[in-house]
Amino acid sequence: MKPEALLHPTEKGLYCPPGDFYIDPVRPVGRALITHGHADHARAGHAHVMATRETLDIMGIRYGKDFAGATQEAAYGEVVTINGVTVSWHPAGHVLGSAQIAVESDGTRIVASGDYKRRSDPTCTGFDVVPCDVFITEATFGLPVFTHPDDAGEIGRLMESLKRFPERAHLVGAYALGKAQRVIALIRQAGYTETIFIHGAMDKLCSYYSDRGIDLGPLAPATIEKGAKDQFAGKVIVGPPSAFADRWARRFPDPVACFASGWMRVRQRARQRGVELPLIISDHSDWDELTQTIRDTGASEVWVTHGREEALVRWCELHQIRARPLNLVGYEDEAE
């Protein structure tokens with residue numbers, strides 16, 4: 001079977017005609033297979049959703065229990081057949097419950113990776129290499145300039161700043177699903193045992209991570225008592241980046257604005273956001289991890305989705321691997 005007959009892009013997303021299902025569709029469909037819980041991949045309104053237990057739970061937290069007509073849990077490594085097409089889920093190492101989805105029929109195997117990273121993450125299962133004929137990769141950081149430094153080193157810079165400026169609150173911007181919990185876990189790995197304060201938008205997701213056995217240590221709401229502005233001096237507060245532009249952030253004492261993102265590699269982005277302490281921590285693969293993963297899968301053909309497709313396609317061509325951009329719409333590279 002030609003790969004395009006097994007999977008191909010449509011206006012609703014990546015579609016499998018023989019199996020009659022979509023992967024991470026951007027519009028409501030009859031049957032959706034979801035790689036992970038970020039909003040640009042997991043949307044409400046599908047008639048039937050199949051995903052890992054964690055992704056189904058996260059969708060329920062974000063959209064309410066009636067986010068789909070019916071749901072079906074998929075376990076890592078489990079093989080199921082949908083209308084004669086073999087499908088299996090494999091860890092993607094991106095956020096809790098994230099998965100690559102392998103689709104196989106008539107001897108052709110395509111792996112849709114969703115979003116993924118290769119380095120260790122204390123908050124989710126590590127990436128598994130899945131050999132395949134066609135590998136569908138993201139390209140959020142698909143340029144050679146993007147190399148992510150060691151996570152512990154970035155958190156070490158935060159710890160050093162806490163020591164140098166004990167009179168200032170440290171506000172860490174991190175996306176609510178995945179990045180916030182990972183940053184908190186990394187801070188714990190660095191030996192920080194004090195209470196970490198979180199924005200209200202993160203409460204349910206942090207509680208869910210803790211319920212799944214991920215140790216985030218003592219957390220408390222970042223609520224300022226009237227007339228007690230200095231109560232957060234020397235403390236760590238984690239909140240969504242969007243909250244840093246409103247009154248919530250201005251209530252803290254002389255805050256050090258931090259932001260945990262792979263985009264902090266770009267100094268201009270840090271300056272535009274008014275970030276004083278940029279932390280280069282990403283839940284996406286950097287350039288070296290993207291190209292190494294393509295090699296590791298053994299794929300003879302690569303399809304590149306959202307991000308910097310051109311450079312990665314060119315790299316594949318230079319290494320005698322067929323490649324093309326999929327030009328899928330509806331996916332964001334910012335929410336990392």
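# Helix pairs and a pocket

Visitor: How do the axes of helix H3 and helix H4 cross, and is H3 roughly parallel or roughly perpendicular to H4?
Guide: In this predicted model, the axes of helix H3 (residues 151-164) and helix H4 (residues 179-189) come within 10 Å and cross at roughly 75°. Angles of 65 to 115 degrees count as roughly perpendicular. So the relation of H3 to H4 is roughly perpendicular.

Visitor: Which residues make that contact, and how do the residues of the contact of H3 with H4 divide by class?
Guide: H3 brings Asp 151, Ile 155, Leu 158 and Met 159 to the contact, and H4 brings Arg 182, Val 183, Leu 186 and Ile 187. By class, the residues of the contact of H3 with H4 are six nonpolar, no polar and two charged.

Visitor: Let's turn to another pair. Are H2 and H5 roughly parallel or roughly antiparallel to each other?
Guide: Helix H2 (residues 53-63) packs with helix H5 (residues 203-211) at an angle of about 155°, their axes being 10 Å apart. Angles over 145 degrees count as roughly antiparallel. H2 and H5 are therefore roughly antiparallel.

Visitor: Which residues make the contact there, and how many of them are charged?
Guide: On the H2 side are Arg 53, Glu 54, Asp 57, Ile 58, Ile 61 and Arg 62, and on the H5 side are Lys 204, Leu 205 and Tyr 208. In the contact of H2 with H5, four residues are nonpolar and none is polar, while the charged ones number five.

Visitor: How do H8 and H9 lie to each other, and is their crossing left-handed or right-handed?
Guide: Helix H8 (residues 287-297) and helix H9 (residues 309-318) have axes 11 Å apart and pack at an angle of about 45°. H8 and H9 are therefore oblique to each other. As for handedness, the crossing of H8 and H9 is right-handed.

Visitor: Which residues of H8 and H9 meet, and how many residues of the contact are nonpolar?
Guide: From H8, Trp 287, Leu 290, Thr 291, Ile 294 and Arg 295 meet Ala 311, Leu 312, Trp 315 and Cys 316 of H9. In the contact of H8 with H9, one residue is polar and one charged, and the nonpolar ones number seven.

Visitor: What about the second largest pocket: which element supplies the largest share of its lining?
Guide: The second largest pocket has a volume of about 190 Å³. Of its 13 lining residues, the closest to the centre are Pro 241, Phe 244, Ala 257, Arg 273 and Gly 274. Strand E12 (170-173), helix H6 (247-250) and strand E16 (256-260) each supply at least two residues of the lining. The largest share, three residues, comes from E16.

Key
Residues are numbered from 1 along each chain as its sequence is written. This is a predicted model: local features need pLDDT of at least 70, side-chain atom pairs count only at pLDDT 80 or more; totals for chains, interfaces and linings use all residues. Side-chain values use heavy atoms; hydrogens and water are left out. On a 1 Å grid over the protein atoms alone, a cavity is a set of points where a 1.4 Å probe fits but cannot get out, and a pocket is an open set with protein on both sides within 12 Å along at least five of seven lines; lining residues have an atom within 4 Å of a point. Grid points are joined across faces, edges and corners, and a volume is the space filled by probe spheres set on the points. Helices (H or I, at least four residues) and strands (E, at least two) are DSSP runs, numbered from the N terminus. Axes are lines fitted to C-alpha atoms, for helices over the stretch in contact, and angles run from 0 to 180 degrees between N-to-C directions. Angles under 35 degrees count as roughly parallel, over 145 as roughly antiparallel, 65 to 115 as roughly perpendicular and the rest as oblique. A crossing is left-handed if the near helix is turned anticlockwise from the far one by less than a right angle, and right-handed if clockwise. Contact means heavy atoms within 4.5 Å. Ala, Val, Leu, Ile, Met, Phe, Trp, Tyr, Cys and Pro count as nonpolar, Asp, Glu, Lys and Arg as charged, and the others, Gly among them, as polar.
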